[in-house]
Amino acid sequence: MLLFSVGLWQVFSIALVNGQSTVQSSAASSSISVASSAPSAPSTAPASVSVSSASLPLSSISLSSASGSSSAIVSSSSAASISSAPVSSSTSNATATGIASLPPGPSQVPIPGIFPATDPLNPPSVDQITVVPDFGPAWKDAYAKARAKVSDWSVDQLVSTTTGLAALGITARCVGNIAAVNGSDGWPGLCLQDGPLGVRLADRITAFPPGINTASTFNRSLIRTRGLFMGSEFKDKGTNIALGPMMNILRVPQAGRNFEGFGADPFLAGESAYETILGMQQGGIQVCAKHYVDNEQETARMTSSSNVDDRTQHEIYTHPFLRSVMAGAASVMCSYNQINGTYACENDKTLNDILKGEFGFQGFVVSDWGATHSTLAVMAGLDMDMPGNGGLPGTNSFFGDTLAEYVNNGTVPKERLQDMATRILASWFFLHQDSPSYPPTNFDGNHQSNEATNEHVDVQDDHKTVVRDIGRASVVLLKNTDGALPLKKPRTIFLAGSDARPGIIGPNGVTNGIDDGILGMGGGSGSATFPYLVSPYEAIQRHAIEDHSSISWVFDDFNLNAVRTMGRSPAQEVAVVFVNAFSGEGSDRANLTLFHGGEDLIQAVASVNDNTMVVINSVGPLIVDSWIDHPNITAVLWAGVSGQETGNAIADVLYGDFNPSGRLPFTIAKNIDDYPAGVVPAVRGGIAQVPYEEGLQIDYRAFDARNITPRFEFGFGLSFTSFEYSNLQVSRVGRDQGNESRRDLDLIANWEAGEANPRTVGSSTALWLHRPAFEVTFDVQNTGDVAGGEIPQLYLHMPSSSGEPPSILKGFTDVFLAPGQRKRATVHLSRHSLSFWDAEAQGWRRPDGDVGVSVGASSRDFRVNGRIRF
């Protein structure tokens, strides 16, 4: 994080007590009235801002952004057979200003067992897959408390709640800090801390598997458990907001932060985000879903515009955030890039219109660090500025003093400032962080050597168990010729490559961008400090000792002569080559080749050993065609990056202690040019235009639509056993109309008639759209000799008139079977899953005609098929 100079908030008295910052207003009055004597607006501010009525239905509001972006909403009355009901003042957003007078979101009544009133600390279990949690009552209670808390706060106190402490030149304990508000009705402030795989810049924590490997499991239980364990660690370290999960789509295979996210498919990313957030917030921490939105490359991330059409935006890039809202996400982080020419943190269309309006998001929006570009971003939906500094010449912050001046002179309505603070405090109350038992911050990420502010609280518990479980469940078996794996007590084993060993300078070189030794995560703010890192060498040597195997190695990637000399068969019964590819925040990979001359190392070993196996630790896709078909390469494991237990996880699969069930969360192409998108270079002194011209055709969808054969398709993964599918049936889910409102029944009838749903606040997250509508059941049998897990994947094939790609993932489950065992599996489909976004009518609607249903082992390996007829 950057450090900044002291700001200009002369009205605040600042104190640092035990490393904690507090802000107390010196204003005599608890509120400031706007009068003609108020300071004039800065020259960069407009004289006035038009505020639309909060009582208007969202579908009839014409929006315009202060930043110049157009976000007009087409009236849904022309596209639907039922009209939009006016949004009541108790549940509305004035989306032209970001104001919410009462809890925003749709008015929906909880339904026990279907749509139960849910507290984030007690979500439905992961097995209750058909239950849609209703966080509305919990948000309502949180908003009531937040309004009462801020009702008499001064403008200065409200502003301090929205502005990071860096505006004051203060470096506090966390990467982001909001000052406490003192007084009789005070508030302790907030600690915001990275990141998506664990508590960054702290010790005695767990370095969990990154998102990419977590998604590779296709296992909801593991994803949820990781979230719960991670959330509890953030809470026990005394943080309030965990800056994650990250859910940007793997659109560009070289993108530097792909390892943080959940892969290349919006449904997989959405479900992974959903389960992660339910788990993390059950642990007591506020999540921050990021980076909203269209931040799919690191190159020119602050000086580029992602140009995305409305349909693609809804179906691909905002979908994980929609699911995050449905999981009760407390906050969302807006990204660095522009979206269609307007910066993401002041983009009225994406923030007010889609997120707070259409999705009914009730938490707060925080900027990525330094992503705020104007004070009037607040009118487009930004609620909190981090780290708080930066601003126009002569000011120290776009928020802080500048925002206070804008409010005092009427440029920004005070109601909007109150809404910002209310959203921030409501999220705090929503997670019950007002509890006296909630731990204070007990670490100092910005001064890690300061013993006075670092208490070294151990929060690890037994969380290493899920790290290992996810690590081995995420390993993808790409090749296994003639049952070469699992290893069967080999007489001799040879290891090649630096990726097999511990790092020369310890486990945490990667956090400084150094790829040395076994790769367990990528770099940047999406990393964490390893408490330890098990290398494959250590884990395999333990097996060798138990098996009485002789083990040898060459860890020098470039000493190919030694590799050829020591790795020969038959002296070496098996040779295992470890290779990797690294990336991190701030830059993208230049290509899709291995680091450290990995291809040459593989070829050198394979040239002398007829039982060569390759283990790949990589942050994302690679091109493997130069060596994958070598006749001496008998097995290939894609191990990704899986956290502190990486070596143990790999050894578990190599030796058959775990039957691999991991699936690729992206496509591995034969040629880099086969991918539909790549990194767009920066433009010197200008804004790089990033055209999302491929639209819906990303990753496997593009390969299918363009008839390109991949090397390994999305969802691919082998097992040590075999599975057979049969007896697929599709049926409608019965409805209890006594539990559905007249309004919902009308909306369902409208959808079934082939019309787009009317667009109102919360219309895209409404219960009727997301509760199960169809049930797909089928049998899976283990036809091999080894117990193992299978990952059935459900793909839909929409009619060509819909404009959808040939196959789209809309369901998955996991089934563990003993040899010969058969189980009936079920996947449910909602109306949302069966819909596409009608950009003209501005609503979700079903396609015209039947929808094909296929279930199988990957996006190109369908085993059973059916049809849905409306």
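This is a predicted model: local features need pLDDT of at least 70, side-chain atom pairs count only at pLDDT 80 or more; totals for chains, interfaces and linings use all residues.
1. Basis. Local features need pLDDT of at least 70, side-chain atom pairs count only at pLDDT 80 or more, and totals for chains, interfaces and linings use all residues. Numbering runs from 1 along each chain as its sequence is written, and side-chain values use heavy atoms, without hydrogens or water.

2. Largest pocket. About 820 Å³ of space lies in it. (A pocket is an open set of points on a 1 Å grid over the protein atoms alone, with protein on both sides within 12 Å along at least five of seven lines; lining residues have an atom within 4 Å of a point.) The lining has 40 residues, and Ile 129, Thr 130, Arg 220, Glu 271 and His 828 lie nearest the centre. Strand 26 gives the largest share, 8 residues. (Strands are DSSP runs of E, at least two residues; helices are runs of H or I, at least four.) By class, the lining has 17 nonpolar, 13 polar and 10 charged residues.

3. Cavities. The model holds 6 cavities of 30 Å³ or more. Helix 5, helix 6 and strand 24 each supply at least two lining residues. The classes are 4 nonpolar, 4 polar and 4 charged.

4. Helix 11. Val 466, Val 467, Ile 470, Gly 471 and Ala 473 are buried here. (Buried means under 20% relative accessible area, exposed over 50%, partly exposed in between, with a 1.4 Å probe and protein chains only.) These buried residues pack against helix 3, helix 4 and helix 15. In helix 11, Arg 472 and Asp 469 are 3 residues apart, about one helical turn. Their side chains meet in a salt bridge at 3.5 Å, N to O. (A salt bridge is a side-chain nitrogen of Lys or Arg within 4 Å of a carboxyl oxygen of Asp or Glu.)

5. Other salt bridges. The count is 38. Asp 383 pairs with Arg 416, with the closest N and O atoms 2.8 Å apart. Asp 383 lies in the loop between strand 12 and helix 9, and Arg 416 in helix 10, so the pair ties together parts 33 residues apart in sequence. Both residues are buried. Asp 850 bridges to Arg 869 at 3.2 Å between the closest N and O atoms. Asp 850 is partly exposed at 27%, while Arg 869 is exposed at 54%.

6. Network. Salt bridges link Arg 220, Arg 224, Glu 271, Glu 275 and Arg 323.

Definitions and conventions. On a 1 Å grid over the protein atoms alone, a cavity is a set of points where a 1.4 Å probe fits but cannot get out, and a pocket is an open set with protein on both sides within 12 Å along at least five of seven lines; lining residues have an atom within 4 Å of a point. Grid points are joined across faces, edges and corners, and a volume is the space filled by probe spheres set on the points. Ala, Val, Leu, Ile, Met, Phe, Trp, Tyr, Cys and Pro count as nonpolar, Asp, Glu, Lys and Arg as charged, and the others, Gly among them, as polar. Contact means heavy atoms within 4.5 Å.
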